[in-house]
Amino acid sequence: MTNLLELKGISKTFPGVKALSNVNINLRAGEVLGLCGENGAGKSTLMKILTGIYTADAGGEIWLNGEQVQVQNPNHARDLGLSIIHQELNIIPDLTVAQNLYIGRPGSHTGSFISDAKLVKSARELFARLNMDIDPTAYCRDLPVARLQMVEIARALSFDSRILVMDEPTAALTTRETETLFGLIRNFVTPETGLIYISHRMPEIEEITDRVSVLRDGEYVGTVNTKETEMREVISLMVGREVPADARPKTSPVSDEVVLRVSDLSTRKLLKDISFEVRKGEIFGFAGLMGAGRTEVARCVFGADHRVSGDIEINGRKTSIHSARDAVRAGIGYLSEDRKRYGLLLEQDIKFNSVLTSMETFSVASVLQGRKIAREAEEYVDKLRTRTPSVNQLLRNLSGGNQQKVIIAKWLIRDSEVLIFDEPTRGIDVGAKEEIYELLEELAAQGKAIIVISSELPEVLRLSHRIAVMAHGRIIGTLTNEEATQENIMELATVGQTEANGEVA
Ligand SMILES: Nc1ncnc2c1ncn2[C@@H]1O[C@H](COP(=O)(O)OP(=O)(O)OP(=O)(O)O)[C@@H](O)[C@H]1O
Ligand SMILES: [Mg+2]
């Protein structure tokens, strides 16, 4: 049987980094092949070589249907029937959804300007075909990341490719949208097509793939049949050691002292009378479906969104937070879910990004102390096992998961009383997740008040002392860790949604 695709002897060297060495991977017709590996293992790089973004080092070969091809560039890859959904969103915020879908494609231009009506019409047809409820005329800057991710997925599917690569397509999606995506994948795969699926979420790999190939440190480790393999085994192939299964928190004591008190917070758009307290040493989780308002709560407390009413107290003192700057001064840190938009400066190095929010700690008479910054940045590169040749590496040269680690370090370095982590382990591999959980627990044990928002229920359960479940802009209920289960959280989240909407969500 000829393979749909064969990658043979692929190597790739970047300055100071051997990203891939002699990797061989096959994709069979009609299958979904999982591609797994830790952060920085080389997954995205391999897929960028396949889709013409990078060129492999000499000696690497790409075979399609038994014929060797030289992929020249991304357009050429598309002509060959290869398309990819990138790990980082490729969306221009100031364009509409329809414009983003068709930008740069032949046929989308009439004369020198883009015929909008035509684009909108095609976009409507595409979304209808894919059963997605997205307004083609909306500006992308107004849409939450999950929506944008669906736009990316729609765009990739619209090319009618034979081979589709999805590089962490569900990082910003909730369970329900992931199910929609899996429906689309199952429709896409026919005896003539194949799909490569990259994810750090093992339950997804288990559900959607037929086989899984594993990379470790840029090398090919092996391929297994999904049905005959426990995900535990895939994980140990990835990390080269056993990783403990999801545990419950080591219940550290929480004091009665309230650090953050939010009362009757409302916004014009979504939030209604949000009240909660986070105590010293506590990790307070937020769960809920997409659009429930978890990120909005975080953004309001952080002063990034406007509230129409509500008080925010820190250590019993009322604050007047009206901007992110006020919030940082008041002692609040916020790791945003949308790292590309708010989290980091891609053209700067790890050092600079690490101290971005704590510059004043590192300057004496307004002169930055380079050595001290480098030491601090290095400490966190070690602690979080960030894969990089040095702290002088530019952020854009790091893998997605390793960029996320640098943003986490930034907030760990800045000493805040209240820390809000919105999807802290998005894109982080299974091995490193546990390390991040332990760091958050360490911070709590030091007496900080921590808020964690996560779409992954096992993560909320793993970390939180108490969990607030939101639906449609309200807190429907708060559960202690002992009371909480995936089932009763989902029940609260969906019942709340039904009541608020008058329909089954
Ligand atoms: N343009 C580049 N310049 C220098 N190094 C790079 C570049 N692109 C990737 N790398 C390095 O190559 C290695 C592999 O990165 P890659 O993005 O392929 O990892 P990944 O497996 O996709 O990880 P993740 O799960 O975090 O997305 C990393 O060490 C990364 O820092
Ligand atoms: Mg990647």
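Asn-131 sits in the loop that joins helix H4 (116-130) to helix H5 (145-157), and in this predicted model its phi is near 60°, a positive value in a residue other than glycine. Most residues other than glycine have a negative phi. Asn-131 counts as exposed because it has 10 C-beta neighbours inside 10 Å, where 12 or fewer is the limit for that class.

The loop between H4 and H5 also holds Tyr-139, which counts as partly exposed because 15 C-beta neighbours lie inside 10 Å. Not counting residues up to four places away in sequence, Tyr-139 touches Asp-94 and Thr-96. Tyr-139 and Asn-100 are separated by 39 residues in sequence, and their C-alpha atoms lie 9.4 Å apart in space.

A further positive phi in a residue other than glycine, near 50°, belongs to Glu-168, which is placed in the loop between strand S9 (163-167) and helix H6. Is Glu-168 buried or exposed? With 24 C-beta neighbours inside 10 Å, Glu-168 counts as buried, since the class begins at 20 or more.

Helix H6 (175-188) leads on to the relation between the domains, because H6 and helix H8 (231-239) are the elements that give two or more residues to the side of domain 1 that touches domain 2. The domain assignment of the chain places residues 5-239 in domain 1, while domain 2 is made of two segments, 258-331 and 416-501. The C-alpha centres of domain 1 and domain 2 are 32 Å apart, and the contact between them involves 12 residues of domain 1 and 10 residues of domain 2. Sorted by class, the side of domain 1 that touches domain 2 has five nonpolar, three polar and four charged residues.

We turn next to the ligand. Around ligand 1 there are 21 residues, of which Phe-14, Ser-44, Thr-45, Ser-399 and Gly-401 come nearest. The elements that give two or more residues to this shell are strand S2 (17-27), helix H1 (43-50) and helix H14. By class, the shell around ligand 1 has 13 polar residues, together with five nonpolar and three charged ones.

Helix H1 can be followed residue by residue. Lys-43, Ser-44, Thr-45, Leu-46, Met-47, Lys-48, Ile-49 and Leu-50 are buried in H1, and because eight of the eight residues of the helix are buried, H1 is largely enclosed by the rest of the structure. Two of these buried residues, Ser-44 and Thr-45, are also among the residues that come nearest to ligand 1. Just after H1, Gly-52 takes a positive phi of about 80°.

The largest nonpolar core has 73 residues, and within it Ile-420, Ile-450, Ile-451 and Val-469 touch the most other members. Helix H14 (residues 400-413) supplies the largest share of this core, seven residues, and H14 is also one of the elements that give two or more residues to the shell around ligand 1. What surrounds Ile-450, leaving aside its neighbours within four places in sequence? Ile-450 is in contact with Glu-282, Ile-283 and Phe-284, with Leu-419 and Phe-421, and with Leu-440, Leu-443 and Ala-444.

How values were computed. Residues numbered from 1 in each chain as written. Chains lettered and ligands numbered in written order. Predicted model: local features only at pLDDT ≥ 70, side-chain atom pairs only at ≥ 80, totals over all residues. Core = buried A, V, L, I, M, F, W, Y, C linked by C-beta atoms within 7 Å. Helix = DSSP H or I, 4+ residues; strand = E, 2+ residues; numbered from the N terminus. Contact = placed C-beta atoms within 7 Å. Near = placed C-beta within 6 Å. Nonpolar A, V, L, I, M, F, W, Y, C, P; charged D, E, K, R; others polar. Domains from an automatic or database assignment.
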